[in-house]
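Me: Hello! Could you walk me through a few charged pairs in this protein?

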Amino acid sequence: MANVIVIGAQWGDEGKGKITDLLSRSADVVVRSQGGVNAGHTVVVDGQTFKLHLIPSGILYPDKECIIGSGTVIDPQVVIEEIEQLKALKVSVDNLKISQTAHVTMPYHRSIDRASEERRGNYKIGTTGRGIGPTYADKSERTGIRVLDLMDSTRLREKLEWTINYKNVILEKLYNLPPLDSEEVITEYLEYAEYLRPHVIDSSLKVYQAVQEKKNILFEGAQGTLLDLDHGTYPYVTSSNPIAGGACVGAGIGPTIIDRVIGVAKAYTTRVGEGPFPTELVGEIGEILGNRGAEFGTTTGRRRRCGWFDAVIGRYAVRINGLDCLAITKLDVLDTLEEIKVCVAYEIDGKMCHHFPSNVGEFAHCKSVYKTLPGWQQDTTDCQTLEDLPSEALNYLKFLAELMEVPIAIVSLGPSRDQTIIVEDPIHGPKRALLDANGAPVTSN
């Protein structure tokens, strides 16, 4: 039995959807612990692409229990759309469960999010405009609507009549937007409630029971470490905690039940939205990475900014999350390059820095210090084992493992399930039986 957290080790969009899909094969329960529809996982199965925003990737396996935990924020309309899309593709959603204590994104959250971002002008954060920040803000302010409120029409009406009147003042007076009709909103969300009612449960209890029954549990994160509200590049962050500790809070379990934490990182780095990005490539190579990697956001379609692999933020992710191992994705995107650079340190005002600076002002002035490695200029998409990889590609992976000081468990070489080298199953295999910094298996626990 193993309980595993999968998190993003960069700024999100690392390919966690594919990795969680692969690991779900060995899991009994898959839990989504935080974030909202601002996240997106793309999974390719038998040539068919599934784009999921809230429903855990494990739903593509009919025998897995999939839980949307209390740390998430739920947009009922989007959940229902995803359920209907999955049904149309003959994917069962019978095992989908939704936490009764998860908070709900309302129409006024989306309106305020978009209007607030527009008002920021040059100081915009780069939100998706999906209402995530305002939903979490209401949660913290203790004025939020939870899924359990949707299940009680009397309570929902009482709460929304007051809340919508209050939010209308903000919409009209601050943003010059039309007010919402409280009766229309209440009617709409009561219809959502009836559709979702069969899926609503006490998710913390459900997860605890799975622990007691010695089931394998996979905790699926959204976004990435550098977007963490407390430990990311604030204020250019999300409104939740995508780090490993956040998975425990969002799922409603204690940290002692966690056996392993897997970090997912691209073989290069990307970022969506605003904020500093020391290794960003503006020019031909950045275009090559973006085009070969199909770097467009699952949720917004925005083009991602691309840059070289940043080992400084990588080591930070190892430290903040307590990573046991790494999954490196999109190695194949580098196949055509003659040489590849890796950021090994920063230079700040003439001084070398090997640690991520928590001051975003300092981070904005970081200059990347690079190590240049030879490229392999060979197609790796059909490689099935480490031995199939060109020597330069294997050396690149060894170098990353050495810099990050954690072994590599999985190497992804394309979007499909079969375009993956699994060095060792992180759920069923020995805890450290993985690719180490020298490219050799490590078998000690």
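Predicted model: local features only at pLDDT ≥ 70, side-chain atom pairs only at ≥ 80, totals over all residues.

Reply: Residues are numbered from 1 along each chain as its sequence is written, and side-chain values use heavy atoms, without hydrogens and water.

Me: How many salt bridges does a search of the whole structure find?
Reply: A salt bridge here is a side-chain nitrogen of Lys or Arg within 4 Å of a carboxyl oxygen of Asp or Glu. Searching the whole structure with that rule gives a total of 20.

Me: Which residue forms a salt bridge with Asp 13?
Reply: Asp 13 sits in the loop between strand 1 (3-8) and helix 1 (16-24); helices (H or I, at least four residues) and strands (E, at least two) are DSSP runs, numbered from the N terminus. Its closest N and O atoms to the partner are 3.5 Å apart, and that partner is Arg 304.

Me: How many residues apart in sequence are the parts that Asp 13 and Arg 304 tie together?
Reply: Arg 304 lies in the loop between helix 10 (284-292) and strand 13 (305-307), whereas Asp 13 lies in the loop between strand 1 and helix 1. The pair therefore ties together parts whose separation in residues is 291.

Me: Is Arg 304 buried or exposed?
Reply: Buried means under 20% relative accessible area, exposed over 50%, and partly exposed in between (1.4 Å probe, protein chains only). With a relative accessible area of 8%, Arg 304 is buried.
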